[in-house]
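Colleague: Could you show me how to read the packing of helices and the nonpolar core in a model like this one?

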Amino acid sequence: MTEVELVATALATGAAAGLTDTSRGVVHDLHAVLKEAVRRRLSGGGDGVRGGYGVRVLYAYETDPDVWRTRLLQVLASGLEMDEEILGAAHAVLRAERRKGHITAVVG
């Protein structure tokens, strides 16, 4: 999985957890951190892909990942630097989701 795919997967995972988990737990909170880091990075550019368009794609992806996945991957791959903050936040979302899934399977 590339860094871009990792970030896109974490964004979709976190958005899905926020839609289904009314407790707004750890996954939702970590997703908010990731989304804000990506939004800040996208807001920094005004070259068409980044800037306003990139931020719109980020938010649209959250509402319908299946439709917007290709566009988000293009935006993320368009020179957006995947720094430690973004990659660390993406890994944290996926780790928390795995833990949550394991706990649900054990309890449920």
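Colleague: How do the axes of helix α2 and helix α3 cross?

Modeller: Two packed helices are described by the angle between their axes and the distance between the axes. In this predicted model, the axes of α2 (residues 26-43) and α3 (residues 52-63) come within 8 Å and cross at roughly 155°, with axes fitted to C-alpha atoms over the stretch in contact and angles running from 0 to 180 degrees between N-to-C directions; helices are DSSP runs (H or I, at least four residues), numbered from the N terminus. The two helices are therefore roughly antiparallel to each other, a term for angles over 145 degrees.

Colleague: At what angle do α3 and α4 pack?

Modeller: α3 and α4 pack at about 150°, with their axes 8 Å apart, and are therefore roughly antiparallel to each other. Their contact includes Tyr61 of α3 and Trp68 of α4.

Colleague: Which residues touch the most other members of the largest nonpolar core?

Modeller: In soluble globular proteins, nonpolar side chains tend to be buried together. Here the largest core has 27 residues, of which Val7, Leu34, Val38, Leu72, Leu76 and Met82 touch the most other members; a core joins buried (under 20% relative accessible area, 1.4 Å probe, protein chains only) Ala, Val, Leu, Ile, Met, Phe, Trp, Tyr and Cys residues through side-chain atoms within 4.5 Å. α5 (84-107) gives the most to this core, with 7 residues.

Modeller: Residues are numbered from 1 along each chain as its sequence is written. Local features need pLDDT of at least 70, side-chain atom pairs count only at pLDDT 80 or more, and totals for chains, interfaces and linings use all residues, while side-chain values use heavy atoms, with hydrogens and water left out.

Key: Parallel < 35°, antiparallel > 145°, perpendicular 65-115°, else oblique. Buried < 20%, exposed > 50% of the residue type's maximum accessible area, 1.4 Å probe, protein only. Contact = heavy atoms within 4.5 Å.
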